[in-house]
Amino acid sequence: MIKFDHVTHTYPSDRENETVSLSNIDLDIHKGDFIAVIGANGSGKSTFAKHLNGLVLPSKGDVIVDNYNTKDKENIWDIRKKVGIVFQNPDNQLVATTVEDDIAFGLENIGMEEHKMKKRVEWALNLVDMFDLRNSEPHLLSGGQKQKVVIAGALAMHTSYLVLDEPTSMLDPRGRKEVLNIIKKLNKEENITVIYITHFMSEAAEFNKIIVLDKGKMVLSGSPKTIFMQASVLENLSLELPQVTKLARLLSENRLDFPPNILNEEEMIEKLCLFI
Amino acid sequence: MFIHLKNVSFTYNLHMPFETEVLKSINLVINKGEFVGIIGHTGCGKTTLLQIFNGLLEPTEGKILIDGIDIHKEKMKLKEIRKSIGLTFQYPENQLFEETIFKEVAFGPKNLGIKDDYLEKTVKKALNMVEMNYSIYKERSPFSLSGGEMRRVAIASTLAIDPEVIILDEPTASLDPQSRNSILTLIRELHCRYHKTIILVSHNMEVVAELAQRILVMEKGRIIMDGTPRKIFQDFAEKIESIGLALPQVTYIMYKLKQMGKPLNSGILTIEEAKDEILKVMKKKGGYDEIF
């Protein structure tokens, strides 16, 4: 479990007041959770992500990862093994000349024996469906494939929490789908806990739980159905409904028996079939 | 001003061991006042094509004519070209570097020799176009702004040289929905109100479908489709999906329903259109009026 206990974070700022980027966050993330984090630009999402593995430390309060406090320096490497972070731009995160070597990078750093390492890399490659491309050069892969290699690199460390900070914002539609499908599979089959930051409301709708940040505060949390019922609240937070949900609401305004809280395309098609 | 590409190919590292051909015999005319969307999967050559448009890259084969003039034949022309074809790269806020927003936006026009009162007027006008109040923002540091505001300043820097054609590479990536919508409104204004020619590259199919009048679909360095959004997303729906792209969400829903034999018009691009079409069909099926 990752526990946020009254976490506040302030950045020093060039203006008179220091900038509060996280404000009194209380949150329990349980093993196997599948959480999306949404919020306007500057709402504290990335700072939140960096707290999860001690890249940034709380100014007040504590972040506890499986009983390790991120503030204790001797724990930091154990924490980083448990919590892997994937950032937006895959090109900045790939280091080696082949896919296999890239995934092995973290393991080499912790001095793992070669035969063990080989097995671990193979395992991680299979988890992200990239075994066939293990000898490819990373720069020749598509955006989605690159992100999968980055994810595999984290998994190879036996990460149990995967934090992804807008991993699809530079990808084409197929790449977005690939990444989303893989993390769904990792959550379902390997029970990897996923914390996924996104600006795409349609992506957030696919998670079990959504957390909404605003000016560093956690202002809403709940299932996508409950979050996306609150259209005007979201709008005030610079957010919006997924396109499909917008359509469902418009239809339900005209046709009272039509459900207003549809979240994805499949559900919409199914419902419309009953009506037309 | 019109842009004409004649048989343009581009190869990186020409005659070298790692030579890669990224554009393959592209023929294309973009007319004054058009709003063109370009889509294609990562690595299909979109960004290279944009750099050909404003003369940053020279075609390794073929030529690019602007208003009928071969821009690489007469080297002197390039500065003129860049003045009239503004390019905003991906994540343009990473290229901000000045101390104040004024200096940032003034950088381009100053390099073109604009000074004093006229410079101030130019900067004011550019900030005005992106709806940023000149007196409030001019002395602020661009680095104290939010992501959406930084993107606006970057676009204003392009507008400050008063280009006729504005090229935008993924202008809304990583912006929250509200900032995204306001940038899109801004782009629409640049087209409708200021009559700029717009060339927009995006992975967001909903955005391209709603804004562009014409879509170019690229694959492996070629333009494989060229037509209105309605034509592209209706007639080539399967092809679009097979090359790693997608239909806009509502277009996809209508397309699937039509495939299932529902009597719907499938060339739908926006939520409003979808709503109207669905309600129309629901009404036909009956039961609709009885509720009211």
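Two residues are in contact if their C-beta atoms, placed from the backbone, lie within 7 Å. Of the contacts in chain B with a separation of 6 or more, 64% are between residues 24 or more positions apart. The model is a predicted one. The points below take chain B as a whole, then its sheet and helices, and then turn to chain A, the interface and the cores.

**Chain B as a whole**

- The secondary structure of chain B consists of twelve helices and ten strands.
- Along the principal axes, the C-alpha atoms of chain B fill a box of roughly 70 × 50 × 35 Å.
- Chain B has 292 residues, and 45% of them are buried.

**The sheet of chain B**

- Six strands of chain B form an open sheet in the order β6-β7-β8-β3-β9-β10, and their pairing is mixed.
- At the edges are β6 (85-88) and β10 (222-227) of chain B, each of which pairs on one side only.
- On average, neighbouring strands of this sheet are turned by 15 degrees against each other, direction ignored.
- Strand β9 (residues 214-219) of chain B runs antiparallel to β10(B), and five bridges join the two.
- Within this pair, B:Leu216 stands opposite B:Asp226 of β10(B).
- Helix α1 (residues 46-53) of chain B packs on the sheet and touches β3 (35-39), β6, β7 (165-169), β8 (197-201) and β9 of chain B. The direction of α1(B) makes about 160 degrees with that of β7(B).
- Helix α6 (residues 147-159) of chain B also packs on the sheet, where it touches β6 and β7 of chain B. The direction of α6(B) makes about 165 degrees with that of β6(B).

**Helix pairs in chain B**

- Two packed helices are described by the angle between their axes and the distance between the axes.
- For helix α3 (residues 101-111) and helix α4 (residues 116-129) of chain B, the angle is about 115 degrees and the axes are 9 Å apart. The crossing of α3(B) and α4(B) is right-handed.
- In this contact, α3(B) supplies B:Phe102, B:Val105, B:Ala106, B:Pro109 and B:Lys110, while α4(B) supplies B:Leu119, B:Thr122, B:Val123, B:Ala126 and B:Leu127. By class, the residues of the contact are eight nonpolar, one polar and one charged.
- The axes of α3(B) and α6(B) cross at roughly 35 degrees and come within 7 Å. The crossing of α3(B) and α6(B) is right-handed.
- Here the contact is made by B:Ile101, B:Glu104, B:Val105, B:Phe107 and B:Gly108 of α3(B), together with B:Val153, B:Ala156 and B:Ser157 of α6(B). Five of these residues are nonpolar, two are polar and one is charged.

**One residue of chain B: B:Arg230**

- B:Arg230 lies in helix α9 (residues 229-235) of chain B.
- Why does B:Arg230 count as partly exposed? The reason is that B:Arg230 has 16 C-beta neighbours inside 10 Å, whereas a buried residue needs 20 or more and an exposed one has 12 or fewer.
- Not counting residues up to four places away in sequence, B:Arg230 touches B:Gly267 and B:Leu269.
- B:Arg230 and B:Glu210 are 20 residues apart in sequence, and their C-alpha atoms are 9.9 Å apart in space.

**A hairpin in chain A**

- Strand β9 (residues 209-214) and strand β10 (residues 217-222) of chain A run antiparallel and are joined by five bridges.
- A:Leu213 has A:Met218 of β10(A) as its bridge partner.
- The hairpin of β9(A) and β10(A) has two residues between the strands, and A:Lys215 takes a positive phi near 45 degrees there.

**Where the chains meet**

- How many residues of chain A are in contact with chain B? There are 37, and they meet 38 residues of chain B.
- On the chain A side, α6 (173-190), α7 (201-204), α10 (243-254) and α11 (265-275) each supply at least two residues.
- The largest share of that side, seven residues, comes from α10(A).
- By class, the chain A side has 17 nonpolar, twelve polar and eight charged residues.

**Nonpolar cores**

- The largest nonpolar core has 143 residues, of which A:Val37, A:Ala152, A:Leu162 and A:Tyr196 touch the most other members.
- Another core, of 18 residues, lies apart from it and includes B:Val105, B:Leu127, B:Tyr137 and B:Leu145.
- Not counting residues up to four places away in sequence, A:Val37 touches A:Lys45, A:Phe48, A:Ile195, A:Tyr196, A:Ile197, A:Ile211 and A:Leu213.

Note on methods: Residues are numbered from 1 along each chain as its sequence is written. Chains are lettered from A and ligands numbered from 1 in the order in which they are written. This is a predicted model: local features need pLDDT of at least 70, side-chain atom pairs count only at pLDDT 80 or more; totals for chains, interfaces and linings use all residues. Helices (H or I, at least four residues) and strands (E, at least two) are DSSP runs, numbered from the N terminus. Ala, Val, Leu, Ile, Met, Phe, Trp, Tyr, Cys and Pro count as nonpolar, Asp, Glu, Lys and Arg as charged, and the others, Gly among them, as polar. A nonpolar core is a set of buried Ala, Val, Leu, Ile, Met, Phe, Trp, Tyr and Cys residues joined through C-beta atoms within 7 Å. Two strands pair if DSSP finds at least two bridges between them. Axes are lines fitted to C-alpha atoms, for helices over the stretch in contact, and angles run from 0 to 180 degrees between N-to-C directions. A crossing is left-handed if the near helix is turned anticlockwise from the far one by less than a right angle, and right-handed if clockwise.
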